[in-house]
Structure formats: C-alpha cells, structure tokens
Amino acid sequence: MNSIHEIQLDHILPNPYQTRESEDPEHVAKIAASIEAEGLLQVPVGRWVFPEGRPVTGMGSGDLTGHGMRVQLAFGHTRLAAFLMLANRAPGGGVNSAWGRMPVAIRELTDEEMFRLAVSENLARKDLSPIEEAKAMLVYRDQFKKTSQQIGQLFGLSDSAVRNKLRLLNLPETVQAAMEKGDLPEAAARRVLSLQAIAPEKVEEVTATLTGGGYETPEKIASVVATAIVADRSRFCMWDRWKTGEARGGTGLWKLSDEVKRPEEYYWISDNGKTWEPWMDALGKSPSNFTGWQDVLSKIGTWLESGNQPDAIVDYFKVPLLLVHQVQALSELPACTKCPLYVKMDGSHYCGLKACWERKRKAFYQMELERVSKELGIAIYDKKTDGVEKLRAGETYYDPEAKSSYSTLKLPWDEWFEKRIHHLRVMVHYNDYQPNQYTKNACVALISVGPTAKSYYDAQLHKKETEAEREADQSRRRQMERKNRDQVQKFIVQAAVPVFAQALEPLESVGLLLWLVTREYELPETRKEQLAALRQIWMGELLEGSRVDWRVREQGPVATAQYLEGVAKQIGVTLPEDWLERAKSFEVDAGDPQE
C-alpha cells in the first residue's frame with residue numbers, strides 16, 4: 001500500500017538499478033515547465049532506505065524521515081531532476097525553496113521489484129539506448145539469476161533477441177559509445193559484432209567508416225563489413241547470396257550444417273612434439289618470430305580436448321579469444337554453422353579461417369572419394385601402383401595418330417564405364433562448374449590407367465614438349481627482333497643521320513626547316529648551327545619514321561644499311577666507303593658496348 005510523503009530533495013536517492021545513464025537537459029526543462037504550470041501529475045514511487053542505501057524492511061510505508069532514513073526512487077528520476085532545476089532557480093534556492101520537497105509514493109519494495117519498475121518505466125517511455133538495455137539485461141541475468149526467456153518476458157523480446165542484445169556488450173567501448181551517442185545504429189552495430197568474431201582488428205576502422213555517414217541502408221552497411229572481412233586472405237566468402245540452393249562450403253562441397261568426418265591425422269595429439277608445426281603454419285605464425293608459440297598452442301589444444309571453455313582458456317593463457325577459436329576450429333573441424341569463425345550476413349556465408357576450410361575440404365574429398373568408389377565398384381587411384389600416366393573422362397586429348405594437330409581422341413568411356421573395365425579408377429579432381437559425367441560428383445573424376453593411358457599420355461607429353469620448344473623458339477626470335485630494332489635505331493641516329501643530312505644542305509631557310517620538323521627542339525644560337533641542327537633533326541625524323549620498313553629493321557643494322565644504299569642513290573647522297581662496316585659494328589652479335 002502506498003503512502004505519499006513530501007521528501008526533501010537531498011534525502012532522495014536514485015534507483016541503484018536505474019538503467020538510463022544520463023538525462024536529456026531539454027527534456028528535463030520541459031518537464032520542469034509542466035510541473036511549474038500544472039503541478040506534479042504523476043507521483044514518483046520509492047522505498048525507505050538507510051543512509052548508506054540498505055533497504056528498510058518491516059517498517060511499513062509511514063514517514064521515517066525523522067529517523068534519518070532516505071527515500072530511494074524506483075522511478076521518477078526525470079521528475080526529480082526537474083524539481084532540482086526548479087529549486088535551484090527559485091528565490092532562496094536549493095532545498096529551502098518552495099520546490100525543495102517532492103511528493104513520493106512510498107512502498108516496501110524488494111531489489112528485484114525496484115529493478116523491474118525502473119526497466120518497465122524506461123521501456124514504456126522508450127528512454128533506453130540499445131547498450132543501456134543490454135546492460136539492464138545483464139544485471140537481471142547475473143544478479144537475479146534469470147534465464148533469457150525470463151529476461152525476454154520483462155523486455156518484450158524473444159530468447160534469441162535477448163542473447164543478441166547481450167552480445168552488443170562484447171563490442172569495444174568506443175563502439176558502444178558511438179551507439180549511445182546515436183552515431184551508430186543498432187543494425188550497423190550487429191554487423192560490426194559479426195566482424196568482431198573473425199576480424200577484431202577491423203572493428204574500429206569499420207566503426208569509424210560507418211559513423212562517418214553515407215551508409216544508412218542495410219546493403220551499404222553490409223558491403224562495408226564484407227569488404228573488411230575479405231581484406232585478409234585468411235578469410236573469404238564460401239557461398240554468395242546470389243547462388244541458388246542450400247548453402248555449402250563451395251559448389252559441390254559440404255552443406256554448411258553438416259559435419260565433415262575428421263581424418264585421423266588431423267587429431268590433436270598433445271604428446272607429439274611435431275603436431276605444432278602444421279598448426280603454426282595454418283595460423284600464419286613462424287616459430288622463429290614467435291618464440292614459445294609451440295608450447296602455447298599445444299596446451300590450448302590439450303585444454304580444448306579436456307572440455308575447457310574458450311573463455312577459461314583466454315583467462316588462463318592471456319591469449320586472444322580469436323586464437324583459441326582458430327585452434328578449436330583446426331582441431332575439431334566443426335560444422336560451419338556451429339563454428340565461432342563463421343559469419344552469415346545478407347544471405348552470404350563467410351569463413352574466418354581459410355586454413356580450417358582447406359583441411360575440411362581435403363577431408364571432404366577423401367570422404368566423397370571413398371563413398372563413390374564403394375558405390376561404383378571402381379578402385380581408388382594409387383600413384384605408386386597405377387603410375388603417373390592417366391586419362392581423365394571429360395578431358396580433351398589430341399589424337400597422336402592424326403595428321404592434324406587439332407584432331408581430338410575419341411575414347412570409349414561409356415563402354416569402359418558400363419563394363420567397369422579393369423583399368424578404370426576414381427580420383428579426387430574438383431570441378432566447380434559441373435559434376436563429373438560418370439561419378440555424378442564435382443569432387444571425384446573417372447580416369448583410365450595402365451598401358452592404354454601410357455601410350456596416349458606419352459604422345460600428349462611429346463606434343464606438349466614440341467609446343468614448348470616452338471614457343472621457346474618464337475620467344476627467342478621476338479627477343480632478337482626487339483634487339484635488332486633497338487640497334488637499328490642507334491645506327492640511324494649515330495651513323496645514318498649525319499650522312500643523309502647532306503641531301504638537305506640546299507635548304508638555307510631556318511623558318512622552312514622549323515615548319516618541316518614535327519616537334520619543338522632547343523636550338524643553338526647562331527644561324528649556321530641552327531641550320532645544321534635542323535637538317536639533322538628533320539632527316540632523323542624521316543629515317544626513324546616510316547621511310548625504313550619495320551620488316552627491314554627487324555633484320556638488323558646491316559640489312560637496314562643495305563636498304564639505305566638504294567635510298568642514297570635515289571637522292572644523291574654519297575655514302576662513306578666503310579658504310580657497311582659501320583653497320584656491322586651495331587649488330588647484336590658484334591658485342592656493341594652500347595648493347
């Protein structure tokens with residue numbers, strides 16, 4: 001039963017379970033104006049407590065102010081702030097003013113009732129930020145031992161929504177602060193939370209980007225987070241949202257909800273000193289740079305085998321949670337959907353540790369190979385006994401007996417497969433476009449081994465070697481042609497231009513020569529020197545341009561010099577007697593020091 005008492009403002013204490021961490025000054029001023037004009041329309045509720053805050057029990061709701069007791073508000077903190085505002089600006093000021101006391105309805109309330117009243121009022125007024133709401137849920141869970149279902153009943157949320165809300169408290173303080181300021185919407189924070197699970201080093205960067213503006217839509221937010229996830233090659237998208245069908249680790253690979261049988265060699269053997277090496281390699285850590293990691297990883301693996309929780313391992317070894325999750329994933333190969341390094345966002349599915357995915361893929365290949373072999377009654381390919389020579393069904397092979405190098409080999413795969421010919425085998429061969437025609441599996445191919453395969457294999461090998469030799473010859477020829485062109489250029493500039501410039505000596509007009517050249521050049525000061533320079537420049541442009549055919553240039557300086565002999569006769573230029581000898585000095589094989 002309530003009893004209303006006028007309580008002096010400095011005798012009123014806040015609810016220790018008040019979830020709202022700050023008051024909006026504008027809102028307080030508005031409430032203060034309403035109280036001043038119309039009076040207090042709704043009386044706050046509180047309980048009697050000792051001065052140190054311990055609740056008074058069994059004393060009813062009578063007036064205990066004379067006994068030194070205080071009132072602890074259950075709700076009504078904004079109204080208290082409004083009274084304080086009115087008291088401070090009233091004549092006389094403070095608690096001695098006309099506003100120095102506030103009516104409070106006193107009840108006997110338990111701590112849990114105080115909590116529930118505070119939460120209920122704030123939820124009704126929509127006064128809580130997502131972080132404040134999550135903190136209140138955490139108090140309700142830890143202090144009052146409530147389940148997520150019970151928390152959901154108070155907050156009006158489902159079990160999963162409660163758990164998701166509580167996860168927001170795992171975000172760094174800077175991200176939580178951005179949420180409380182309203183700079184980061186809750187939907188964006190959930191994306192950042194997904195990122196923290198597999199790329200914690202990107203959280204601050206992505207938060208800064210999202211709070212910078214321009215990323216209001218879910219699609220834009222998801223794009224920023226997805227870019228951060230795949231920024232490191234150890235993380236990647238396994239299944240894009242545009243793909244049809246049930247999500248898998250890749251086309252033709254395992255369903256993300258399926259467990260892949262872990263091969264024996266992947267078990268963590270804590271007493272085997274060699275087991276640390278592949279783990280270090282998979283986690284991208286070098287023993288030369290990370291002294292002591294061998295021992296740490298081995299102990300983490302042992303603790304995981306013993307059933308210890310990741311949080312306990314983090315506390316004991318003082319290592320990042322991400323490292324523990326990585327070791328856990330590598331050692332257990334869990335179903336992707338149950339892995340802490342798995343993220344689903346906007347229909348796309350991401351893996352936070354490619355090394356784990358690669359191990360799982362290898363294990364899946366082996367599983368599928370054994371299954372297909374058993375179902376088809378065809379042995380698994382063994383390199384030691386079957387040899388390296390093999391032909392794969394669905395592959396194109398050129399017929400070594402045909403005259404045309406483009407004639408393909410027609411092999412009776414259908415007949416072989418129907419009769420299960422003894423030289424057939426199955427082997428791992430991944431094709432992400434379509435399943436193999438015979439195995440009906442994207443990971444397992446049908447092959448042929450033995451003498452038949454060897455004959456065709458050797459022919460194909462010879463063909464590849466021949467093609468490789470031809471390509472090498474072509475490469476050498478192209479290289480020689482390039483060198484010849486370079487040396488011809490030097491021959492023209494250094495030997496041909498000074499000689500052929502004689503044909504331009506009748507030209508005595510600097511202006512005409514300036515008009516004939518195609519580019520601007522820095523010229524000497526005297527007219528005579530300018531004429532000599534411009535004649536050589538223009539002749540250089542003529543000879544370096546289309547006047548000498550490119551096919552002649554590729555044959556080298558001597559062939560070019562021979563071609564220019566004919567040009568010299570036509571335009572009346574006298575060539576020096578050692579003309580061809582000069583050209584030879586520019587040949588690639590002449591050991592020209594300029595080469």
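Student: At what angle do α8 and helix α10 (residues 218–229) pack?
Tutor: Let's start with the ground rules: this is a predicted model, in which local features need pLDDT of at least 70 and side-chain atom pairs count only at pLDDT 80 or more, while totals for chains, interfaces and linings use all residues. Residues are numbered from 1 along each chain as its sequence is written, and side-chain values use heavy atoms, with hydrogens and water left out. Axes are lines fitted to C-alpha atoms, for helices over the stretch in contact, and angles run from 0 to 180 degrees between N-to-C directions. The axes of α8 and α10 are 10 Å apart, and their angle is about 10 degrees.

Student: What is the orientation of α8 and α10 to each other?
Tutor: Angles under 35 degrees count as roughly parallel, over 145 as roughly antiparallel, 65 to 115 as roughly perpendicular and the rest as oblique. The angle here is about 10 degrees, so α8 and α10 are roughly parallel.

Student: Which residues of α10 make the contact with α8?
Tutor: Contact means heavy atoms within 4.5 Å. On the α8 side it involves A188, R191, L195 and I198. Their partners in α10 are I221, A222, V225, A228 and I229.

Student: How many aromatic pairs does a search of the whole structure find?
Tutor: Rings of Phe, Tyr and Trp (its six-membered ring) pair if their centres lie within 6.5 Å; planes under 30 degrees apart count as stacked, over 60 as edge-to-face and the rest as tilted. The search comes to 18.

Student: What kind of pair do W254 and W357 form?
Tutor: The ring centres of W254 and W357 are 6.2 Å apart. Their planes stand at 50 degrees, so the pair is tilted.

Student: How many residues apart in sequence are the parts that W254 and W357 tie together?
Tutor: W254 sits in the loop between β6 (236–239) and α11 (276–282), while W357 belongs to helix α15 (residues 354–376). The pair therefore ties together parts whose separation in sequence is 103 residues.

Student: Is W254 buried or exposed?
Tutor: Buried means under 20% relative accessible area, exposed over 50%, and partly exposed in between (1.4 Å probe, protein chains only). W254 has 2% relative accessibility, so W254 counts as buried.

Student: Which residue lies over the face of F417?
Tutor: A charge sits over a ring if NZ of Lys or CZ of Arg is within 6 Å of the ring centre and within 35 degrees of the ring normal. One case is K354 over F236, at 5.5 Å from the ring centre. For F417 the distance is 4.2 Å, and the residue is R420.

Student: What phi does R420 have?
Tutor: R420 lies in the loop between α17 (413–419) and β10 (424–428) and is partly exposed, with a relative accessible area of 35%. Although R420 is not a glycine, its phi is positive, at about 50 degrees.

Student: Is K318 buried or exposed?
Tutor: K318 is another non-glycine with a positive phi, about 55 degrees, and is placed in the loop between α13 (310–317) and α14 (321–332). Its relative accessibility is 68%, so K318 counts as exposed.

Conventions: Helices (H or I, at least four residues) and strands (E, at least two) are DSSP runs, numbered from the N terminus.
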